[in-house]
Amino acid sequence: MDKLGNIELGGHEYSVIIQELISPNPGTDLYGRHEITQNQILINEVLTLDRAKETLIHEVLHGILVNSGQEHPENIIDALANGLFQLGIGDVLWKKVQKKS
């Protein structure tokens with residue numbers, strides 16, 4: 001387990017941690033997870049750097065929406081994360097998290 005750094009979401013300090021993640025559903029991959037009760041964003045250590053950056057965006061979106069009490073379908077989070085990644089937001093977030101460590 002490696003701590004990448006921290007990020008503030010909804011006024012809460014989150015740790016961003018790179019570690020092995022095992023999907024509870026056989027035959028599927030788990031890229032990341034937003035742990036609201038522990039203020040953690042977990043990213044699977046087996047991902048390429050680009051995929052990890054897109055996953056960070058995905059989990060940050062979950063954090064923003066959960067902290068504001070918004071329900072959100074997973075397919076919308078996937079679409080937004082991919083679009084924001086294509087705009088370079090993954091690089092911005094990654095650097096921001098590392099800077100705050």
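Figure 1. Glu8 comes out as partly exposed, because its relative accessible area is 46%, which falls between the under 20% of buried residues and the over 50% of exposed ones. In this predicted model, Glu8 has its place in strand 1. Leaving aside residues up to four places away in sequence, Glu8 touches Glu13 and Lys100. Look at how far apart Glu8 and Lys100 are along the chain: 92 residues in sequence, yet their C-alpha atoms are 9.4 Å apart in space.

**Figure 2. The whole chain, for orientation.** Before zooming in again, here's the overall layout. The chain has three helices and four strands, and from the N terminus on they run β-β-β-β-α-α-α. A compact globule of 101 residues would have a radius of gyration near 13 Å, and the chain has 13 Å, so the two agree. Of the 101 residues, 40% count as buried. Among contacts with a separation of 6 or more, 52% come from residues 24 or more positions apart.

**Figure 3. The buried side of helix 3.** Helix 3 covers residues 89-99, and its buried residues are Gly90, Leu93, Trp94 and Val97. They sit on the same side of helix 3, because they cover an arc of only 100° around the axis. What do the buried residues of helix 3 pack against? Their partners are strand 1 (2-9), strand 2 (12-19), strand 4 (40-44), helix 1 (49-67) and helix 2 (74-86).

Figure 4. Val92, which lies in helix 3, counts as exposed because its relative accessible area is 52%, and the cut-off for exposed is over 50%. From Val92 to Asn6 is 86 residues in sequence, and 13 Å in space from C-alpha to C-alpha.

Figure 5. Asn39 lies in the loop between strand 3 (32-35) and strand 4. Check the backbone here: phi of Asn39 is near 50°, a positive value in a residue other than glycine. Is Asn39 buried, partly exposed or exposed? Asn39 counts as partly exposed, because its relative accessibility is 24%.

**Figure 6. Gln40 and its contacts.** Gln40 lies in strand 4. Not counting residues up to four places away in sequence, Gln40 touches Tyr14, Ser15, Ile17, Arg33, His34 and Glu35. Asp29 is another matter: Gln40 and Asp29 are eleven residues apart along the chain, and their C-alpha atoms are separated by 19 Å.

**Figure 7. Surface and charges.** The chain exposes about 6,100 Å², and carbon and sulfur atoms supply 51% of that area. As for charges, the chain has 8 positive and 14 negative ones, and their mean positions are 10 Å apart.

Methods. Residues are numbered from 1 along each chain as its sequence is written. This is a predicted model: local features need pLDDT of at least 70, side-chain atom pairs count only at pLDDT 80 or more; totals for chains, interfaces and linings use all residues. Side-chain values use heavy atoms; hydrogens and water are left out. Helices (H or I, at least four residues) and strands (E, at least two) are DSSP runs, numbered from the N terminus. The radius of gyration is taken over C-alpha atoms; the globule rule is 2.2 Å times the number of residues to the power 0.38. Buried means under 20% relative accessible area, exposed over 50%, partly exposed in between (1.4 Å probe, protein chains only). Contact means heavy atoms within 4.5 Å. Accessible areas come from the Shrake-Rupley method with a 1.4 Å probe; for residues, only the protein chains shown count as cover. Lys and Arg count as positive and Asp and Glu as negative; His and the chain ends are not counted. The place of a charge is taken as NZ of Lys, CZ of Arg, CG of Asp or CD of Glu. The arc is that of the directions from the helix axis to the C-beta atoms.
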